[in-house]
Amino acid sequence: MKIYNNANINRRHLNGVIAIGNFDGLHLGHQKVINEAKQKAKKYKLPLGVITFEPVPVMFFNKKNKDHRINSFQQKKKQLKKLKLDFLSIIKFNKKFSSLTAEQFIYKIIYKKTKCRYLYVSKNFKFGFKRRGNIQTLKKFEKKFNYENIVTYPYKKDKKTISSSFVRKKIREGKIEEVNKLLNRNWCIEGKVIKGKKRGRKIGFPTCNMALSNYVIPKLGVYAVKVNYSNLSKDGIANIGYRPTFKGQSLLLETNIFGINKNLYNKVISVSFKKFIRPEKKFKNLDYLKKQIKIDIKQAKK
């Protein structure tokens, strides 16, 4: 997969099939859009590409929105690569770009830069200044700018439309097993291990600590997880929360990795969530906490 950090794509990728969207989470709904585009590309032997935006527009317009992302930018690139695209075009979402009208976006990006023949978007796709462009706008300019717009209808599960906001809601509710089905993979937080107060080590359960960065904040509590780092892949248990037993002030993800006692400070690790075990709670003393951790570990290993 060739990655372009703008809309200037090589000649060999022009006149192809393109799917456009934020694709935050790359859930089953997003996969449906891209897979339908892939079938078209295969049928007509055309290049297949995705256009996406960084930062996510909603985070650009609301700088205080720090707990929004289902996946990080790096994760999104990795997941798109697995879908076997020919190319990925990442457009920097900034003030200048956000001021393009819907028609300017179609003319400057779709027509001039990509010469796209088939354009795939989801039914609720909005674009251009103040999000005034929609699927009707794309239809309106098809002939003028020589493309065919194909709208992908929503992926539904149990009569519910699968969208990024629906996935975020399920993460916040701690319904991780449901989330994993909607993503067709385990939801995962990647980040650098930071130094903590070493309290876990003192009570016999050393942890790798991570800040949550811009990820959507899941229900606070304890989860069964799998940790990947380099060629290491181990099960573990993680707590997301404020550590009320220790009067903690900052939100942390603390992961105890089973069968390993290794210093991973400053290493980037990946923590995949398998199931929710229990909500975060305050314990009377360390003995109660230690007893509960042992019970949690048994639950996680089931």
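Biologist: At about what angle does helix α3 (residues 73-82) run to β3?

Modeller: This is a predicted model, where local features need pLDDT of at least 70, side-chain atom pairs count only at pLDDT 80 or more, and totals for chains, interfaces and linings use all residues. Residues are numbered from 1 along each chain as its sequence is written, and side-chain values use heavy atoms, with hydrogens and water left out. Helices (H or I, at least four residues) and strands (E, at least two) are DSSP runs numbered from the N terminus, while axes are lines fitted to C-alpha atoms, for helices over the stretch in contact, with angles from 0 to 180 degrees between N-to-C directions. Helix α3 lies across β1, β3 and β4 (87-92), and its angle to β3 is about 175 degrees.

Biologist: Nice start! In what order do the six strands form the open sheet?

Modeller: Two strands pair if DSSP finds at least two bridges between them. Here six bridges join β3 to β4, and four join β2 to β3. The pairing is parallel in this open sheet, and the order is β1-β4-β3-β2-β5-β6.

Biologist: Why is one side of β1 (2-4) and of β6 (148-152) left without a neighbour in the sheet?

Modeller: In the order of the sheet, β1 comes at one end and β6 at the other. Both therefore stand at the edges, and each has a single partner strand.

Biologist: By how many degrees are neighbouring strands of this sheet turned against each other on average?

Modeller: Direction is ignored for this average. The value is 20 degrees.

Biologist: Which residue of β6 is the bridge partner of Y120?

Modeller: Strand β5 (residues 118-122) runs parallel to β6, and five bridges join them. The partner of Y120 in β6 is I150.

Biologist: And about what angle does the direction of helix α1 (residues 28-44) make with that of β5?

Modeller: Helix α1 packs on the sheet and touches β2 (17-20), β3 (48-54), β5 and β6; contact means heavy atoms within 4.5 Å. With β2 and β3, α1 also makes a right-handed β-α-β unit, meaning that, with the strands pointing away from the viewer, the path from the first strand over the helix to the second runs clockwise. The angle between α1 and β5 is about 165 degrees.

Biologist: How many of the residues of β3 are buried?

Modeller: Buried means under 20% relative accessible area, exposed over 50%, and partly exposed in between (1.4 Å probe, protein chains only). L48, V50, T52 and E54 point one way from β3, while G49, I51 and F53 point the other way. I51 stands opposite I20, and F53 opposite I91 in β4. The number of buried residues in β3 is seven of seven.

Biologist: What is the relative accessible area of I135?

Modeller: I135 belongs to helix α6 (residues 135-140). Beyond its neighbours within four places in sequence, I135 is in contact with V121, S122, K123, F125, N149 and V151. I135 is buried, with a relative accessible area of 14%.

Biologist: Last one, my friend: what is the volume of the largest pocket?

Modeller: On a 1 Å grid over the protein atoms alone, a pocket is an open set of points with protein on both sides within 12 Å along at least five of seven lines, and lining residues have an atom within 4 Å of a point. Grid points are joined across faces, edges and corners, and a volume is the space filled by probe spheres set on the points. The largest pocket is lined by 40 residues, with N22, N124, F125, K126 and R131 nearest its centre. Its volume is about 1,100 Å³.

Terms used: 1 Å grid on protein atoms, 1.4 Å probe; cavity = no way out; pocket = protein on both sides within 12 Å on 5 of 7 lines; lining within 4 Å.
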